[in-house]
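Opening my notebook on this one. I want to look at the ligand site and then at a helix pair.

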Amino acid sequence: MWPRIRRPERPQWAAMDETEPTADLLSRTRDLAVAYLAGLASRPVPAQASTEDLLAAFTDGLSLPGADPVEVVDELARLAGPGLTAVTSPRFFGFVIGGTYPVAIAADWLTAAWDQNVGLRGVTPAHSAAREAVEAWLGEMLGLPGSTTMGTVTGGLMANFTGLAAGRHSVLADAGWDVEARGLQGAPEVRVLVGAERHDTIDLALRYLGLGAPQEVPADSQGRIIVDELADALASGTGQPTLVALQAGNVHSGAFDDFAAAIPAAHEHGAWVHVDGAFGLWAAASPRTRHLVAGFEQADSWATDAHKTLNVPYDSGLAFVADSAAQRAALGVHAPYLLHSAGPPDPLELGPEFSQRGRAFVLWATLRHLGREGIADLVDRLVGVAHDLADGVRELGGEVLNDVVYTQVCTAWGDDVTTEAVERELMSEGLTWMTGSAWRGRRVLRISVSNYGTTDEDVRRVLAALGRAYESARA
Ligand SMILES: *Cc1c(COP(=O)(O)O)cnc(C)c1O
């Protein structure tokens with residue numbers, strides 16, 4: 001006999017039906033969040049404390065007896081404060097990281113309060129409706145084929161994974177091989193062609209898919225795949241199951257592959273074409289930048305992030321696949337105990353996750369807030385700021401190494417040593433953040449304009465900071 005476990009007395013704050021403590025807690029949390037957001041534009045962009053500085057206090061907290069939730073959120077905010085990096089600051093230009101629209105934060109809070117597990121369409125109808133509305137609306141706005149289905153995933157990596165998984169299924173099915181049943185052991189070899197400057201998450205997704213390292217096709221001076229080289233590579237393996245990954249938006253240059261030429265060339269050889277448009281796919285949303293993606297709608301799958309250009313909180317990526325059956329075959333599970341919907345797909349068939357967060361609520365709220373014109377304005381605004389910063393950099397005596405066609409500006413300041421010094425000076429001043437990187441053999445300081453809230457005044461202040469940093473770096 002096992003000893004009977006006595007039910008502990010219920011802690012007084014544990015019950016959700018006791019609305020008073022919950023309301024106090026969430027009001028307090030609201031105050032803390034509002035205070036953070038109100039101070040965002042004036043706080044230093046880099047964190048002011050390191051992980052090592054903070055670890056002892058966080059560790060100590062876990063050795064204490066349990067505490068009241070209001071005390072806990074106060075303590076969390078107090079401990080975390082100095083170690084927060086202001087990635088949603090309008091003067092943050094590092095990596096490719098969007099800000100967060102207030103409406104998106106608000107919808108994200110509701111999403112947490114509702115805590116729907118949205119994998120099955122019929123179980124969580126409100127989310128299914130929001131997701132399907134977003135799927136149709138975005139598909140139409142971006143100009144994707146009408147058959148396209150959309151998985152909401154954690155980010156660009158998983159969106160690339162999803163598109164390439166559907167592609168792996170499709171090209172192997174064409175070769176008479178059932179990869180879901182038989183795996184890759186003994187399968188016809190799948191060839192994967194990518195541009196030399198694809199994002200590393202393409203390689204990572206291919207590793208998850210058991211496909212190993214891809215075959216690189218040379219890129220031009222802006223990082224675009226060279227279509228003649230792609231055509232040669234395709235011709236050398238005719239008849240082999242082939243995936244081709246193209247790119248909308250190179251992280252260094254912002255450049256877009258020539259989809260109108262590359263996609264038909266790949267299709268001629270029966271290849272599946274995936275487009276990594278983590279931030280670049282949004283160029284399709286504005287009449288002013290739409291030309292950058294010309295022909296991209298002929299591809300078979302597309303990846304993008306909402307947590308970048310659309311300025312919603314992490315984690316939010318989108319995986320679009322034109323052949324929904326391939327997506328469902330590659331990623332779906334069909335367990336007898338699951339209540340699958342008969343018609344449209346269940347969300348768990350459209351991406352790698354099983355249980356999943358209701359990401360479509362935030363997407364819906366943000367799209368509803370911006371409207372079609374608001375999204376076009378957002379994209380135009382980001383591109384406009386990129387041009388202003390590029391002009392300002394040249395005026396300060398810096399070099400702009402890329403053709404600024406979108407949101408990325410790749411700068412250099414004299415030699416590599418000076419460029420590195422400019423980055424150091426800038427970071428220690430803390431007014432802005434740009435990413436030190438290397439591109440085409442040179443040390444660069446890369447600017448990615450991704451935040452909806454960057455104003456002309458921010459641009460002026462950032463350029464002044466760059467001027468100061470360049471001066472000290474040369475001294
Ligand atoms: C950011 C990025 C990714 C990866 O997206 P995550 O959301 O970080 O997973 C992939 N490709 C490109 C071009 C990117 O900019």
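My entries on the ligand site and the helix pair follow.

I'm working with a predicted model, where local features need pLDDT of at least 70, side-chain atom pairs count only at pLDDT 80 or more, and totals for chains, interfaces and linings use all residues. Residues are numbered from 1 along each chain as its sequence is written, and side-chain values use heavy atoms, with hydrogens and water left out.

**Ligand shell.** I looked up the residues around the ligand and got 14, the closest being Gly156, Asp276, Asp305, His307 and Lys308 (near means a heavy atom within 4 Å). They split into four nonpolar, seven polar and three charged (Ala, Val, Leu, Ile, Met, Phe, Trp, Tyr, Cys and Pro are nonpolar, Asp, Glu, Lys and Arg charged, the others, Gly among them, polar). Helix H6 (residues 156–174) gives the most to this shell, with three residues.

**Polar atoms.** I checked side chains next. Asp276 puts a polar atom 2.7 Å from a ligand nitrogen. His307 has one 2.8 Å from a ligand oxygen, and Lys308 also has one 2.8 Å from a ligand oxygen. The protein covers 83% of the 380 Å² of accessible area that the ligand has on its own (Shrake-Rupley, 1.4 Å probe).

Val227, Leu230 and Leu234 of H9 meet Ala261, Ala262, Ala265 and Ala266 of H10 (contact is heavy atoms within 4.5 Å).

Note on methods. Polar contact = N/O pair within 3.5 Å; in protein donor to acceptor, adjacent residues only side chain to side chain. Helix = DSSP H or I, 4+ residues; strand = E, 2+ residues; numbered from the N terminus.
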